[in-house]
Amino acid sequence: METIRITVVTSDSVEELQVSPGANLLMAMVQAKLPAAFMCTTGKCTACRVRMDIPSGSAAPASETERYRLGSEQIDLGYRLACQVYVQGPLTVYL
Ligand code: FES
């Protein structure tokens, strides 16, 4: 089965995860025991806000919920809500 590589950069390590297409980014990081913060998992608390590089086609653009919670300035800087990102291609996350 096809898998997709997620690169997770922390202050002292670089981890590579392999996930299935459509995997939820937050859940993938939690399952890999990475220090990903979260509370609600439904796009309300913004605890899972992280900066990421998402190449075109690797995930849907920021949702209405993300735009409302984060604002266009943070979205433009690359911030997303990990619980709202479903992986469709390789991407990099900065924890
Ligand atoms: S965990 Fe609350 S917005 Fe993602």
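Two strands are taken to pair if DSSP finds at least two bridges between them; helices (H or I, at least four residues) and strands (E, at least two) are DSSP runs, numbered from the N terminus. The structure is a predicted model, in which local features need pLDDT of at least 70 and side-chain atom pairs count only at pLDDT 80 or more, while totals for chains, interfaces and linings use all residues. Residues are numbered from 1 along each chain as its sequence is written.

Strand β1 (residues 4-9) runs antiparallel to β2, and 6 bridges join the two. A residue counts as buried if 20 or more other C-beta atoms, placed from the backbone, lie within 10 Å of its own, as exposed if 12 or fewer do, and as partly exposed in between. Strand β2 (residues 14-19) lies largely in the open, because 0 of its 6 residues are buried.

A nonpolar core is a set of buried Ala, Val, Leu, Ile, Met, Phe, Trp, Tyr and Cys residues joined through C-beta atoms within 7 Å. The largest such core has 18 residues, and those touching the most other members include Ile 6, Leu 25 and Met 29. Two or more residues each come from β1, α1 (25-31) and β5 (91-94), with α1 giving the largest share, 4 residues. Contact requires C-beta atoms, placed from the backbone, within 7 Å; beyond its neighbours within four places in sequence, Ile 6 contacts Leu 17, Val 19, Ala 28, Val 87, Leu 91 and Val 93.

Ile 75 belongs to helix α2 (residues 64-76) and is partly exposed, with 15 other C-beta atoms within 10 Å.

Terms used: Contact = placed C-beta atoms within 7 Å.
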